[in-house]
Amino acid sequence: MRARTRSLWFATITAAFIAAGCSTTQQVRLPDHAVVTLQPGDASVGTYVAKPRGFSTSSYWIEGPQGLIVVDTQFLLSSAEELINWAEFSTGKRVVAGLVLHPNPDKFNGVEVFKKRGIPVYTSEQVRMLIPTVHEDRHHWFYERFKPDYPNSVPLPESFGNKTQTLSYGGVELKAHVLGAGCSEAHVVVEHRKHVFVGDLVASLHHSWLEIGKIDEWLKRLDYIQKLEPEYVHPGRGPSGGPELLTRQIAYLKKVKELILKERPRGEPNEAAIARVQRKLEELYTSYGHEYFLEIGLPAVWAAYAK
């Protein structure tokens with residue numbers, strides 16, 4: 001972040017803190033390559049974006065009269081701490097609850113950080129049941145690389161139930177939509193006023209996490225969200241926007257499907273064919289980050305359509 005931009009941003013956050021009636025003598029360390037913003041048009045929604053080491057993961061807070069709800073708990077434990085600190089510093093209110101949208105480590109790793117601070121974290125029964133298996137798998141990938149900034153034991157949230165329902169924390173009422181497979185095997189989409197918080201079902205200006213290869217199911221989830229007619233869409237990675245983010249994500253997934261089917265998938269993933277698909281996607285989406293997500297995900301898409 002350039003010095004002038006950083007100073008202007010800090011002045012904005014400080015002004016918000018003063019407006020909340022809190023003392024500015026409290027010292028909170030500026031995020032190290034992370035970003036904190038307030039949502040244009042509705043300052044009750046704030047965004048924390050982790051540093052690149054935390055995969056630039058976005059988490060959100062919703063401000064209510066009695067406290068804050070945080071949506072997704074971050075990949076790194078230090079990012080979870082920073083998220084809570086900055087949400088509370090920016091608003092002058094305490095985080096009273098957290099929500100996990102789907103079973104990926106960048107959504108659930110920070111659960112124990114929240115619990116240690118007395119903050120309960122919730123998700124659907126379907127997502128909760130998947131977290132232990134996903135954690136065990138990802139632990140092999142990430143623990144040695146990121147320790148001690150990565151959880152060793154399963155970070156397990158509480159269940160709010162297995163059906164779509166209205167929830168209320170801190171004076172904030174929201175609707176938790178319990179959905180099936182998309183980029184993960186189960187999802188929660190949070191609806192608040194005209195905002196939807198969708199996790200990695202939308203990757204704004206980033207390549208998508210295609211790990212389970214279920215493009216057609218994913219498209220059904222996006223169609224469901226479109227029918228909610230949101231004005232604001234908050235993705236798991238990349239900048240928030242309007243309903244155009246859903247349209248763009250649908251087009252992206254259809255392009256992935258088109259390119260894979262053009263290679264006539266059958267049998268085991270064909271490395272040369274997958275490499276052609278990846279090159280084409282990188283050419284079509286030159287401004288998108290996290291190209292290596294394609295290396296992980298495209299073989300799964302191939303396998304899904306080879307069946």
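Which residues form a nonpolar patch on the surface? W141, Y292 and I296 do, and the views below start with them. Everything here comes from a predicted model, where local features need pLDDT of at least 70, side-chain atom pairs count only at pLDDT 80 or more, and totals for chains, interfaces and linings use all residues. Residues are numbered from 1 along each chain as its sequence is written, and side-chain values use heavy atoms, with hydrogens and water left out.

**View 1. A nonpolar patch built from W141, Y292 and I296.** Together these residues have about 280 Å² of accessible area (Shrake-Rupley method, 1.4 Å probe, with only the protein chains shown counting as cover for residues). To join a patch, a residue needs over 30% relative accessible area and no salt bridge; nonpolar side chains (Val, Leu, Ile, Met, Phe, Trp, Tyr) are joined within 5 Å, like charges within 9 Å. A salt bridge here is a side-chain nitrogen of Lys or Arg within 4 Å of a carboxyl oxygen of Asp or Glu. W141 sits in helix α5 (residues 125-146) (helices are DSSP runs of H or I with at least four residues, strands are E runs of at least two, numbered from the N terminus). W141 counts as partly exposed because its relative accessibility is 39% (buried is under 20%, exposed over 50%, partly exposed in between, with a 1.4 Å probe and protein chains only).

**View 2. The largest pocket, at about 210 Å³.** F55, D106, F142, W209 and F293 are the closest to its centre out of 15 lining residues. Helices α3 (105-108), α5 and α9 (292-306) each supply at least two residues of this lining. Sorted by class, the lining has nine nonpolar, two polar and four charged residues (Ala, Val, Leu, Ile, Met, Phe, Trp, Tyr, Cys and Pro are nonpolar, Asp, Glu, Lys and Arg charged, and the others, Gly among them, polar). For the grid-minded: on a 1 Å grid over the protein atoms alone, a pocket is an open set of points with protein on both sides within 12 Å along at least five of seven lines, a cavity is a set where a 1.4 Å probe fits but cannot get out, and lining residues have an atom within 4 Å of a point. Points are joined across faces, edges and corners, and a volume is the space filled by probe spheres set on them.

**View 3. The second largest pocket, at about 150 Å³.** Its lining includes P103, N104, L130, R138, C183 and E211. By class there are five nonpolar, three polar and three charged residues.

**View 4. The one cavity of 30 Å³ or more.** Among the lining residues are V202, L205, H206, R248, Y252 and Y288. The lining has six nonpolar, four polar and one charged residues.

**View 5. L205, a cavity-lining residue with a positive phi of about 60°.** Most residues other than glycine have a negative phi, and most peptide bonds are trans. L205 lies in the loop between β11 and α6 (215-226), and counts as partly exposed because its relative accessibility is 35%.

**View 6. Q74, with a positive phi of about 85° although it is not a glycine.** Q74 lies in the loop between β4 (67-71) and α2 (77-91). Buried or exposed? Q74 is buried, with a relative accessible area of 0%.

**View 7. A cis peptide bond from K147 to P148.** Omega is near 5°. P148 is in the loop between α5 and β7 (158-159).
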